[in-house]
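Please keep the structure open beside them.

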Amino acid sequence: MKKALIALLVLLILGGGGAAYYFFVMKKDSPPADKTEESVEEVAQPEADLKPIMELKPEPEQTEFYVLDRKLEVVEQPEIDGLITDYLYKGEKVEVLEKQGEWARISDYIVLKEGGPQTAEWVSMSGLSNDEVIISEKESIEILDSYLVKSDDLKIHKEKFRNTVAELISDGECDPSDFEELGGWVKSVKYSDRDVYFIYCGGLSLENKIYLDVNTNEIFTK
């Protein structure tokens, strides 16, 4: 009986010690429940601080266009009946500075006389293309031949006239409008002993004369 009482006492002491260890040691090391919640709240970022990974920006408005028509009128006011001041030709690249409805401004504003209205160069948007215009070989020949219709001796020298026109336009020496002015090449009286023809480029004065010797393919100005 005495031994049983001693064993029971030992068990009580051990059980009390375990409980005490839990409350005084284990409980001390465990973080309080509200502290954990506070930590989670501190880590979470407010919605206002969240930023998108990519910011989508609108694409810049296109300003470079290409002439779609074979011959596009340039007018001084954005009006159908505006005064024609120049022409643009198929494939040319233009920069659009302003749009007004169906019209595009391609030059700065100028005032021709004091107190007068502002004018600029305008073209119809319907005559322009967003993409580069590719001219087929067949159409290119048709366009070049349209500049030669009044040339002297056209049937004899048509191919040489055509090739020279293409070269002069490509090099920037002449504009298509230069050939439209006279309608083609004129036989030179100055070089009567040679097969020489001329055209005016950039004006109608002597210094604007460009000569072609169809036998040697020489192009010269004097």
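1. In what follows, a residue is called buried when its relative accessible area is under 20%, exposed when that value is over 50%, and partly exposed in between. The coordinates come from a predicted model, and N217, with a relative accessibility of 48%, therefore counts as partly exposed.

2. D153 sits in the loop that lies between α3 (137-146) and α4, and its relative accessibility of 35% is why D153 counts as partly exposed.

3. The open sheet contains 4 strands, which follow the order β11-β12-β13-β14 with antiparallel pairing. Because β11 (186-187) and β14 (218-220) each have a single partner strand, they stand at the edges, and one side of each is left without a neighbour in the sheet.

4. Helix α4 (residues 154-170) packs on this sheet, where it touches β12, β13 (209-213) and β14, and its direction makes about 135° with that of β13.

5. Between β11 and β12 (residues 196-200), which run antiparallel, there are 2 bridges; V186 has F198 in β12 as its bridge partner.

6. E181 is part of helix α5 (residues 176-182) and counts as exposed because its relative accessibility is 56%. The C-alpha atom of E181 is separated by 9.4 Å from that of C201, a residue 20 residues apart from E181 along the chain.

Note on methods: Residues numbered from 1 in each chain as written. Predicted model: local features only at pLDDT ≥ 70, side-chain atom pairs only at ≥ 80, totals over all residues. Heavy atoms only, no water. Buried < 20%, exposed > 50% of the residue type's maximum accessible area, 1.4 Å probe, protein only. Pairing = 2+ DSSP bridges. Contact = heavy atoms within 4.5 Å. Axes fitted to C-alpha atoms, helices over the stretch in contact; angles between N-to-C directions.
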